[in-house]
Every structure is written in C-alpha cells, then in structure tokens.
Protein chains: 2
Amino acid sequence: MTKKPAVILLSGGLDSATCLAIAKAEGFAPYCLSFDYGQKHNAELKAAARVAKALGAVEHRILKIDLAGFGGSALTDATIDVPVGGGKPGEIPVTYVPARNTVLLSYALAWSEVLKADDIFIGVNAVDYSGYPDCRPEYIASFQAMARLATKVGVEGSNLTIHTPLLKLTKAGIAQKGTELGVDYALTVTCYKADFEGRACGQCEACRLRSAGFANAGLADPTRYQK
Amino acid sequence: MTKKPAVILLSGGLDSATCLAIAKAEGFAPYCLSFDYGQKHNAELKAAARVAKALGAVEHRILKIDLAGFGGSALTDATIDVPVGGGKPGEIPVTYVPARNTVLLSYALAWSEVLKADDIFIGVNAVDYSGYPDCRPEYIASFQAMARLATKVGVEGSNLTIHTPLLKLTKAGIAQKGTELGVDYALTVTCYKADFEGRACGQCEACRLRSAGFANAGLADPTRYQK
C-alpha cells in the first residue's frame, strides 16, 4: 500500500526532528518543509537537511521567505539582542516572530494542496505555548478550521488535519520519545546563537531548555557545544 | 487625530486599487503590501507601485515570496497555459494558486502585528468567490477568527478585522465605486498576459471580466490594450 503523504515543518531543531520521526512512525510518507526567513541562526537549515536525510524524508524543500522585512523579533531583527536568560513568566519572549506559525503553516497548506496531502505536522509544544500565542492549542484548532475552508478540497469537504504530537510533552518527554524512535539529536541545532558549524552556545534560552530536557529525561546530552 | 493604520493587500489590479481607495475614504492610513510570487504577469507589480503612489499610501512594500516552487497553477507554473476563455461554471479555475490568499493574509497579519494595526483589507469579490475557495465569506470569517488568536494582542483579546468591502460587488459595482472615489484605472493592470508596459491582451478571463465591468457600469474602459 502506498503511504499517505504528510507535510512536516522542519526547522532542524530537537522538536521538529522528533515530530518528523513520529510522523514516519505513524506510517506517513514525510515531505519536509524548511524556511530561510532571515533568521540569524542559519546553521539550523543545514541541520534540517541532515535530519531530513537521516530520517528518510521523501523530499525536503527550503523556501526563502521574507519575514525579516517586517522586523519586530530578536530572531530576525539585527537591532534586537537575543536574550541570554529566559523571559519573565507570562510574558511573550522577544524571540517571538510576528505571525510566524501562521505564515509557515500557510505554506505547508499550499504544498499539501499540491501534494493532495491531508496531513500537516508541526512540532509546537507545552514549553513553547507558555509564551508564544501561535503555539496554543486553540490557535492550532482555529488554523485547522480555516485551512479546511481554504483549498480546493475545502469546497468539497476537507479532512485536513494539523498534527501537534508534541503539544502536551515537556522537553524531557520529547527527548525521550525521539530517542525511542532513533533520532540522532547530535544532528539537530536548537541554539539561537549557533556557530557556522552548528555548535551551540549553551547559554541562550533555547540551549537551557534543551539541555534541561536531556537531563530531566535521564539522557546524555549529545549536543555539540562551542568549546 | 492620528489616522488608524491598516494593511491593504495591493496586487495592482482593478479590485485591490478600489479596495485601497475605500480604506482611505474610510479614514485609514494605508500601508500597502504587494508580492512578487513568481507570477507571469509581473507588470502588475509596477502597477501596484503606481497605484500606491497615486492614492497616497503611507508605505508600500513588495515582498518576494516563493509560491511558484509548489507549482499547481497556470499563474505560476510555466507548464500550464493561461486559458483564453473562462472555465466551466462551478469549476475552480486553473488560475487558482494553492492557498494563495491564506499565505498573503498571513503576511498581512505579520505586518499588522508590527504596525499595531487592527485592520486588514483584501479585495476579494463576488465574481471571484464563485470559483476560488479562498474568496468565500466563510473562509474570510474563519481566517479572521484564527488571526485573532495568532498574535501577541490575540493573547489579550484582539479586534483584528479582515475587511472585504468588495465582497458583494460585481465588477461593474467595483468600477462604479472606484470611479466615484477618483481611482484612475488606467494605472491598474488586471490582465494575466499583460506585456512589459502593462498593456492588456484583451482576451483572457481577467480582461473579459474587467471590460464587461466597465461596460455594465456605463463607464468608458480606460484600459491600455496591446495594439
């Protein structure tokens, strides 16, 4: 039997690599989609390519898109520093990119329509949605409702599903799950300040969450750090 | 009093130019957004710049985005011919671009968040929504519901509104409205096969709808045609 195609949003970090492994384990043929959106940590795109290859993606596309043009985030705006520590509880981090998940999911929807795929995977999770509005479950549900009306199949009645298998998992839970599925996390890059070789700074918020995740899961941290 | 900012999706055609004129007449400060998405009729981007200037946009941005990469439409895929006549009634035209309005509205949402604008204008209309899934009123309502959850202000409670002032107008009604508001339609380009100077072919579906619109409104057609 032919496997059903699914579009997987793949940043090259720990979460999206795990998400890809889950989609594959669930029997989907993975079509991975990454974005070059002017992020400072471009090393993650190389990581995405490594991860897509290692986990057997049918196809991996990198779209160059322009989000930096609008500014407003430490990840795309060179005038805002990436914070070393975490933000205040309940506050939206300055690393939030305006409407990012909406833009990325919209492209995934476009590709899914061309592929005739009913399934899109995005690796948002419980840790993220404490701060980012577009990681919340009610947001994802609302995007899915919109997406079912947005396309050709939407006219007939769409089964399009936005899968968020990490939504209720902690970083430790994600690291545990991916390890069970054979993900090689040494291939992934999570750090906001990774160097050209993809080595992590070990100090930014993303690094702290990631290393705590491995520690809490009782796993050795395979991350490659800058000296 | 400072005018409220609004993001206007501006393709450079008859509809979006009218939409911009309406937003301005309603007292908004217009921030116009156009896209270079690999469309064959690039002349419309020059038209968008002319229209934005003529109608007093506060700012006009052209984002280069990649929709052609996915293929699937006569407007972006060089292997599909743009049809000369119209499609069959009830069928989705081959000129439909996968999830186009979802992608474009997502960028408008991103910019609106940075501008702290609560208002987005898009020139979808009754003629379009007969064939395009992402021009239907239920789709627009659903996008607005999603957008209110997607952004920073969405966490507090968003008033974001997707304005579709042309939704129930025919082409004749749109041409009439814009003429009342002083739109110079000679500046606009609607044709799918416009030449480098923005002159229309007079034969494609877009040209036929447009010229019938002027005729039905009892207006002279200001369109510049090829030979």
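At what angle do helix H1 (residues 14-25) of chain A and helix H7 (residues 171-180) of chain A pack, and how far apart are their axes? I get about 45 degrees and 9 Å, with axes as lines fitted to C-alpha atoms over the stretch in contact and angles running from 0 to 180 degrees between N-to-C directions. Helices here are DSSP runs (H or I, at least four residues) and strands are E runs of at least two, numbered from the N terminus.

Housekeeping: this is a predicted model, where local features need pLDDT of at least 70, side-chain atom pairs count only at pLDDT 80 or more, and totals for chains, interfaces and linings use all residues. Residues are numbered from 1 along each chain as its sequence is written, while chains are lettered from A and ligands numbered from 1 in the order in which they are written.

I looked up who touches whom (C-beta atoms, placed from the backbone, within 7 Å). Leu14(A), Asp15(A), Ala17(A), Thr18(A) and Ala21(A) of H1(A) meet Ile174(A), Ala175(A), Lys177(A) and Gly178(A) of H7(A).

Next, the chain contact. I find 37 residues from chain B and 37 residues from chain A in it. On the chain B side, H3(B) gives the most, with 9 residues.

Technical notes: Contact = placed C-beta atoms within 7 Å.
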